[in-house]
Every structure is written in C-alpha cells, then in structure tokens.
Amino acid sequence: MTAIVVIAKECLPGKVKTRLHPPLSLEQAALLAASSLADTLAVAAQLPATRHILAFDGVTPPPEASGWQILPQTSGGLDERLAAIFDHLDEPTLLLGMDTPQVSAELLAPVFQNWNEADAWFGPANDGGFWALALKNPSGALLRGIPMSRSDTGAHQLQRLDQAGLTVRLLPALTDIDTIMDAQTVASIAPHTRFARAFAGVRASAQPGDANQPATERRSPDRPHAEGRAADVAAPDLHPVAPYPADLHSANLHSAAARAADLLTLTGTRS
C-alpha cells in the first residue's frame, strides 16, 4: 500500500529548465522539461501504487496525468512544499521529481516490496541532491528546514532521517537534468525515452555546436523537487539496490553511486 507523488511545474517557456538557456531557447528547454515529465509519469503509472498524485505548480496539468489526483503545491520554499506533500498523506509514500526520465519501474520496484525492511528509501542525484524519497510513515517534519538547492542538501536530508532513527535503504544514484551536459548524458543512457527523442530533435535544429556548450546561467535558488544538490557523501550500511537496470550502466552513474556511498558513511545514516 504505497502512494506515488510526482512533483512538477507546468512546463512553460521561461518557467522550467532555464539553465538550458543558452544554448537552447526557452521554448526548447520547456519542450525537454515536458518530455522528461512525460517519461516520469509513464513510469510512475506502471507502478502498483494505491494512489497516483501529481503535486503541481501550474494551471494546466500535462495530458499524461489524466486520471491522476492533482495536488496543488503550497507556497513557500522547496522544503515547505515537499513537507506539505508528506503531511497531506498518511500511507507509505514515494515522491519523485520530474528530472530523471531514465528512471524505470524495475528500479523503483523494491520500494513497493520491502516496507518490512525499511522506514525510508532515498535516491541520490549525482549533483548531490536527491531524485526520490519514500517514507513509510510520511511526516513533513522530516523535510521542513532542510536547506535546498545546495551541494549538501542530500547530506542534510540523510542526516535528518538518521536522527529520526529511521532504517534507510538507498536507490541507485541518477543524473538529474540541470545543464546541457546533463541532458546529453541522460539522452545517451536512456535512448528509448521521449526525452532522448526530444533532445535529438533539439540538437538537429540547433546551430552547429550550440547544444554542446554548457549553459552558464546560475542555478535558481529554489528549484522544484528532489532537485536540491547534495554533498559528495553517503552511509556504508545503505547499500544500492542491485543490479542496476541495463540502461543505467555507465561510468557516470557508477561514479555517482560511489559518491552516494561516501555520503552515507559521513552522515552515519543507519539501516
């Protein structure tokens, strides 16, 4: 009995993935964001959740969320918005961001099978944030006050779970799409996705070299979701679920997983 929540912004030009501009136009960045969200919703729809919920900041939900419960995001910082989601629910809940279209139902399956062995599941992003967080007993207090969109966000979140005495299991580290290089990485890892196809189209229409240059815009101080950047740190007794799906085997992800293991060590998170 687990609910799944995808947290997302409406994919409008200038409102999402602005760090992809330049080299992409704001319209192209919004297209990639919409494709990433569509992939995420499609995977979430395959999971045996008791409820499928879109925690939405916007007016018009994407068509892929048809039939889903729409939960408007509250105001406030990202920690407050995430906390409000977990306060709203009273059953085991998995929260996903919209920026890891390479995620698969197979990768997330253990969350729906092993609540007897865990109080929480944590999916670290290789930029230091987290792309997934699942809680057996949802409580906003476990997120409220966590500094978001920083290089130590994941470390703080894991420390909070540890201080609450929770048994935490670790999901594989994934690349969170923020920059054009992230987009290239994810498209190459998961060529079967709608995101990869959209990125290929964007590159085909770009000026030579444009889609290969890293964006220089600074990170927004309050990005949506499990997009905080977490430190290069993780707990030894939090072991990644194995094996990784075949399309996630890459030097980039293995490197990220190693950094996640360091994170758990330094925070002393228990399992």
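Q: What counts as a helix here, and where is the place of arginine 81?
A: A helix is a DSSP run of at least four residues, and helices are numbered from the N terminus. In this predicted model, the place of arginine 81 is in helix 2.

Q: Why is arginine 81 called buried?
A: Buried means under 20% relative accessible area, and arginine 81 has 7% relative accessibility, so arginine 81 counts as buried. Among the other buried residues of helix 2 are Leu78, Leu82 and Phe86, and the buried residues of this helix pack against strands including strand 1 and strand 2.

Q: What makes the pair of arginine 81 and glutamine 73 a polar contact?
A: A polar contact needs a pair of N or O atoms within 3.5 Å, and the side chains of arginine 81 and glutamine 73 are joined by such a contact of 2.9 Å.

Q: How do you know that aspartate 99 and lysine 17 meet in a salt bridge?
A: The cut-off from a side-chain nitrogen of Lys or Arg to a carboxyl oxygen of Asp or Glu is 4 Å, and the side chains of aspartate 99 and lysine 17 meet at 3.2 Å, N to O. Aspartate 99 lies in the loop between strand 4 and helix 3, while lysine 17 lies in the loop between strand 1 and helix 1, so the pair ties together parts that are 82 residues apart in sequence.

Q: Are aspartate 99 and lysine 17 buried or exposed?
A: Aspartate 99, at 2% relative accessibility, counts as buried, and lysine 17, at 14%, counts as buried too, because the limit for that word is under 20%.

Q: Why is aspartate 87 called partly exposed?
A: The term covers values between the buried limit of 20% and the exposed limit of 50%, and therefore aspartate 87, at 43% relative accessibility, counts as partly exposed. The side chain of aspartate 87 meets that of arginine 144 in a salt bridge of 2.8 Å, N to O, and arginine 144 is partly exposed, with a relative accessible area of 32%.

Q: What makes strand 2 and strand 3 a pair?
A: Two strands pair if DSSP finds at least two bridges between them, and strand 2 and strand 3 pair in the parallel sense over 4 bridges. Both belong to an open sheet of 7 strands in the order 3-2-1-4-6-5-7, where strand 3 and strand 7 are the edge strands, each pairing on one side only.

Definitions and conventions. Residues are numbered from 1 along each chain as its sequence is written. This is a predicted model: local features need pLDDT of at least 70, side-chain atom pairs count only at pLDDT 80 or more; totals for chains, interfaces and linings use all residues. Side-chain values use heavy atoms; hydrogens and water are left out. Buried means under 20% relative accessible area, exposed over 50%, partly exposed in between (1.4 Å probe, protein chains only). Helices (H or I, at least four residues) and strands (E, at least two) are DSSP runs, numbered from the N terminus. Contact means heavy atoms within 4.5 Å. A polar contact is a pair of N or O atoms within 3.5 Å; within protein, one must be able to donate a hydrogen and the other to accept it, and residues adjacent in sequence count only if both atoms are side-chain atoms.
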